[in-house]
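Here is a friendly note to read alongside the model. Please keep the viewer open as you go through the points.

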Amino acid sequence: MKNSDIQLIQRVLNGDDTAFSELVKKYQKQVHALAWRKIGDFHIAEEITQDTFLKAYQKLRTLKKPQRFASWLYVIATNRCNTWLHKKHFRAQLLKNKGGAQPQKPSYSEYAVEENERISMETQREVVKKLLAKLEESERTVMTLHYFAEMSCAEIGAFLGVSANTIKSRLRRAQQRLKKEEPMIREALENFQISPNLTETVMREVSRVKLDAPFSSKPLMPWTVAASTLAAVLLMLGFGNHQYLTRFQKPYSFDAASEMTVEIIDTPIVANLE
């Protein structure tokens, strides 16, 4: 998996955007499962999934370890979810301060309940969410990724940046806690389907942006530093005044006789200091 990711990333960096669509198809379900688990809204999770991949595409050149692409994607998705939750909390505070006179606009999922099939799906998702709420957060995430995203323990470990044995332990605990409901949760999560056009939507947005250039960490060339230093010296001495350049070029001698001289130089007054 890691080698495959490295090859795909290298193709993207070389200008092959079709390779990025393969990365989207490979990880879209995992990212959406994570976002849905954190946000709780199935359709908003799709929007966050799109934003996550778009951000990943723009910052792909900054990824120093391509073999860690999955866990890097997890961090981006988590940050996008946290940003959305902060905005939601901020909007709720504004409405609270206004006395609740202006109700929050309904989300897309609330419009979709007009369809009978969608009503059934939404109801099922709510039941699953309440059951998963009985688990610790780490166990909820593992269970969602295992059943909804159809990921193995090794894949979840790579995605979350922990060992496969740790994932197995968390999954086993979650299954024991929800022993009676586990078959229903597994069936429900496996039946949840994200939009089949998600990859196409992401790639349309990708075509409108460009890869960010990496930050240059190379030191300045020696000749550049030397040229800058010389320019500063010339400016201090006065490039057009030949006598100062001539004096500056003479070697210093401890045996030379000193003499007091006074030179009158025409110069404008630049400050009036007491």
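Which residues does A174 touch, not counting residues up to four places away in sequence? Point 6 comes back to this.

1. A word on the basis. This is a predicted model, in which local features need pLDDT of at least 70 and side-chain atom pairs count only at pLDDT 80 or more, while totals for chains, interfaces and linings use all residues. Residues are numbered from 1 along each chain as its sequence is written, and side-chain values use heavy atoms, with hydrogens and water left out.

2. Overall make-up. The protein has 13 helices and 0 strands; these are DSSP runs numbered from the N terminus (helices: H or I, at least four residues; strands: E, at least two). Of the 274 residues, 33% are buried, where buried means under 20% relative accessible area, exposed over 50% and partly exposed in between, with a 1.4 Å probe and protein chains only. Contacts (heavy atoms within 4.5 Å) between residues at least 6 apart in sequence join residues at least 24 apart in 70% of cases.

3. The core. In the largest nonpolar core there are 58 residues, and F20, F53, L60, F69, L145 and F159 have the most contacts inside it. Helix 2 (residues 17-39) gives the most to this core, 11 residues. A nonpolar core here is a set of buried Ala, Val, Leu, Ile, Met, Phe, Trp, Tyr and Cys residues joined through side-chain atoms within 4.5 Å. Not counting residues up to four places away in sequence, L60 touches I9, V12, L13, F69, W72 and L211. In soluble globular proteins, nonpolar side chains tend to be buried together.

4. Helices 2 and 3. Helix 2 packs on helix 3 (residues 42-58) at about 140°, with the axes 8 Å apart. Helix 2 is therefore oblique to helix 3. Axes are lines fitted to C-alpha atoms, for helices over the stretch in contact, and angles run from 0 to 180 degrees between N-to-C directions; under 35 degrees counts as roughly parallel, over 145 as roughly antiparallel, 65 to 115 as roughly perpendicular and the rest as oblique. Ala, Val, Leu, Ile, Met, Phe, Trp, Tyr, Cys and Pro count as nonpolar, Asp, Glu, Lys and Arg as charged, and the others, Gly among them, as polar.

5. Helices 7 and 8. Helix 7 (residues 137-147) and helix 8 (residues 153-160) have axes 10 Å apart and an angle of about 125°, so the two are oblique to each other. Their crossing is right-handed. T141, V142, L145 and H146 of helix 7 meet I156, F159 and L160 of helix 8. These contact residues divide into 5 nonpolar, 2 polar and no charged.

6. Two buried positions to look at. A174, in helix 9 (residues 164-177), is buried at 0% relative accessible area. To settle the opening question, A174 touches L135, E139 and M143. T52, in helix 3, is buried with a relative accessible area of 0%. Beyond residues up to four places away in sequence, T52 touches V31, L73, I76, A77 and R80.

Methods. Left-handed = near helix turned anticlockwise from the far one by under 90°.
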